Each structure stands twice: as C-alpha cells, then as structure tokens.
Amino acid sequence: MTRTGTVLRRLVAVTAAALLGTAVAPSAAQAKPDPKAPREFVALHDVDPTIIQEMRYVTEHDFVGKPVDGYEKPLCILTRPAAQALHKAQAGLLRRGYSLKVYDCYRPQRAVDHFVRWAQDLGDQRMKPEFYPRVDKTRLFEDGYIAEKSGHSRGSTLDLTLVKLPALPTRAYVPGERLTPCYGPQKERFPDNSVDMGTGFDCFDTLAHTDDPRIQGVQRANRDLLRDALVAQGFENLPEEWWHYTFKPELFPDTYFDFPVARKSLGGRH
C-alpha cells in the first residue's frame, strides 16, 4: 500500500471514532436534568393572583447587575402553607387599600452560589452606588449580607413590601443608568410603586434594619403595617431586613433546594 493510502485509512479511522464518540456521548442536559420541586411547593399566583410580583433577580436591577442563576421566569414559588398564609395577610390588607408586592420568594441554591461568586469578585462593583454605597465589598460576608446558605432555598421565606392601591406602574430599569443610594429620600431613589419604607429593597445598610431608630413617622408606620399583617399570619421578620419574612413552622427547615424558578419545576400542578 502507498504511503498516501495508509494516511487516508488512518484519517478515516480517526473520523469514524470521533463520530462514534459524538453519537454515544450524552449531552449535559441528559446527564443531569434539573431537579423538580416537591409537591408541597406552589406558584403564589395560583393561590392569590392579586399579590403583585416584581421578581428582581430575573432582571438586571439587582445588586449583581444581571439576571441571577436559576431564575428562569419572573415567578414566585413558595411552600403551600406559606402561600396560603400570605393570601390571608393580603385579604386583610386589601380591605385597608393596600396590596403586598413580592420581590423574591423561593431561591435555588445555584442562585446563592452566584451571589457568593459575585461577592468574591472585588473588581465587580457596578451596582455599588445603589445597593451598598456605604459598605466595603470586602465585608459583605463578615457583615452578614452574603452567606453560602439562604433560608429562601427552603421555600418558606420571601422578600416583600406594600403598595398603596390603585397600584401605579414602575418604570423599567435601564442598564447603565445613573444609580442613586438605596437609603436616600424616596424621591431620589430608583422609582418603586411601593410605600416609603425608608430604604429600597436589598439595601445593604443598617438603615434597612426593621427597627432602626432613625426610621420614624410614615416610614415607621409603613414598616409596622407590613410586619403586623404578616406576623398575624405566622410569619417572622429578619431584624436586619425590613422586607424579609419566614413562615413558621417551616415545612423543610433543614433542606436547601436547587430546582430552577420556572413553571416546569412544579410539573404543571396548581
């Protein structure tokens, strides 16, 4: 056989082996499909469609500055008892001319991991002027703003606020726009159709502590109204964040789930 023939045979053999490997190698999706939510999880909209949803982490308007891993749809998912308790709180607030608005509900572990990677990247501070203007990024772990685990991943914790009815629209965030501090006067902060709580959502600042003594007047009354409505239905507030509440007892107090925020995670159930 000529040298050219030998080379051609080797090329054919290598090509065939490569094609065979491609044919039998499973794709990443086939190898590891996304987990599903346990049957105890529901979409909040199916329990109470009147609660306003402004799911921040599926957008670029968050402290990371981009959509967060695991948030595939702007959907609030909770354990059913938490959603039902929220529905009861909403019923009372509607009679007083207010509505609840949720910013975040169940949070997959992959999203928490995204937060951790972001906090370790000290070169990425694009959203600092709004969300943590008075906090050095090197202190986010030490000061408790970022952690490797979140109660949100257990399914009974959510972040929310109050909106005076009728609800006005909130304009969309424009990536790259000038940012203003989350603790500034309401008229100077990024516009939000919620009542004035003294800071914006996800404000990494001590002024966001629920009972910070600097919060007085209408701002104090608004925080107390939100807390009273939720505590009456079994929720507990995180003292460091006026927007953060957990329904007790939790169905999954020791489990941190990682299914994506999407309808498909619920298997089509209501």
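The model is predicted, so a few ground rules come with it: local features need pLDDT of at least 70, side-chain atom pairs count only at pLDDT 80 or more, and totals for chains, interfaces and linings use all residues. Residues are numbered from 1 along each chain as its sequence is written, and side-chain values use heavy atoms, with hydrogens and water left out.

## Overall layout

Let us start with the overall layout. The protein has seven helices and seven strands; helices (H or I, at least four residues) and strands (E, at least two) are DSSP runs, numbered from the N terminus. Read from the N terminus, the elements run α-α-β-α-β-β-α-β-α-α-β-α-β-β. Of the 270 residues, 48% are buried. Here buried means under 20% relative accessible area, exposed means over 50%, and partly exposed lies in between, with a 1.4 Å probe and protein chains only. Among contacts (heavy atoms within 4.5 Å) with a separation of 6 or more, 74% are between residues 24 or more positions apart.

## The sheet

Five strands make an open sheet of mixed pairing, in the order β2-β4-β5-β7-β6. Two strands are taken to pair if DSSP finds at least two bridges between them. At the edges stand β2 and β6 (235-237), each with a single partner strand, so one side of each is left without a neighbour in the sheet.

Further in, β4 and β5 run antiparallel and are joined by six bridges; Lys101 stands opposite Thr161 in β5. On the way to β7, the pairing of β5 is again antiparallel, over three bridges.

Helix α4 covers residues 80-95, 16 residues in total, and reaches 23 Å from its first C-alpha to its last, close to the 22 Å expected at 1.5 Å a residue. That expected span is 1.5 Å times one less than the number of residues. Which residues of α4 are buried? They are Ala82, Ala83, Ala85, Leu86, Ala89, Gln90 and Leu93. Seen down the helix axis, these buried residues fall within an arc of 160°, so they line one face of α4; the arc is that of the directions from the helix axis to the C-beta atoms. The face turned away from the buried side carries the exposed residues Lys88 and Arg95. After α4 comes Gly97, with a positive phi near 90°.

A nonpolar core is a set of buried Ala, Val, Leu, Ile, Met, Phe, Trp, Tyr and Cys residues joined through side-chain atoms within 4.5 Å. The largest one has 66 residues, and Leu86 and Val102 touch the most other members. Elements giving two or more residues to this core are β1 (41-43), β3, α4, β4, α5, β5, α7 and β7 (244-247). The largest share, six residues, comes from α4. Beyond its neighbours within four places in sequence, Leu86 is in contact with Leu44, Ile51, Leu78, Leu100, Val102, Leu158, Leu160, Leu230 and Phe235.

Helix α5 also has a buried set: Gln109, Ala111, Val112, His114, Phe115, Val116, Trp118 and Ala119.

## The disulfides

A disulfide is counted when a pair of cysteine sulfur atoms lies within 2.5 Å, and by this rule there are two. Counted along the chain, the bonded cysteines follow the pattern 1-2, 3-4.

| Disulfide | S to S distance |
|---|---|
| Cys76 and Cys105 | 2.0 Å |
| Cys182 and Cys203 | 2.0 Å |

The torsion about the S-S bond of Cys76 and Cys105 is about -100°, so this disulfide is left-handed. Cys76 lies in the loop between β2 (52-53) and β3 (77-79) and Cys105 in the loop between β4 (98-104) and α5 (109-120), so the pair ties together parts that are 29 residues apart in sequence. Cys76 is buried at 0% relative accessibility, and Cys105 is buried with a relative accessible area of 0%.

The link of Cys182 and Cys203 is right-handed, with 65° about the S-S bond. Both Cys182 and Cys203 lie in the loop between β5 (157-164) and α7 (217-231), so the pair ties together parts that are 21 residues apart in sequence. Cys182 counts as buried at 3% relative accessibility, as does Cys203 at 2%.
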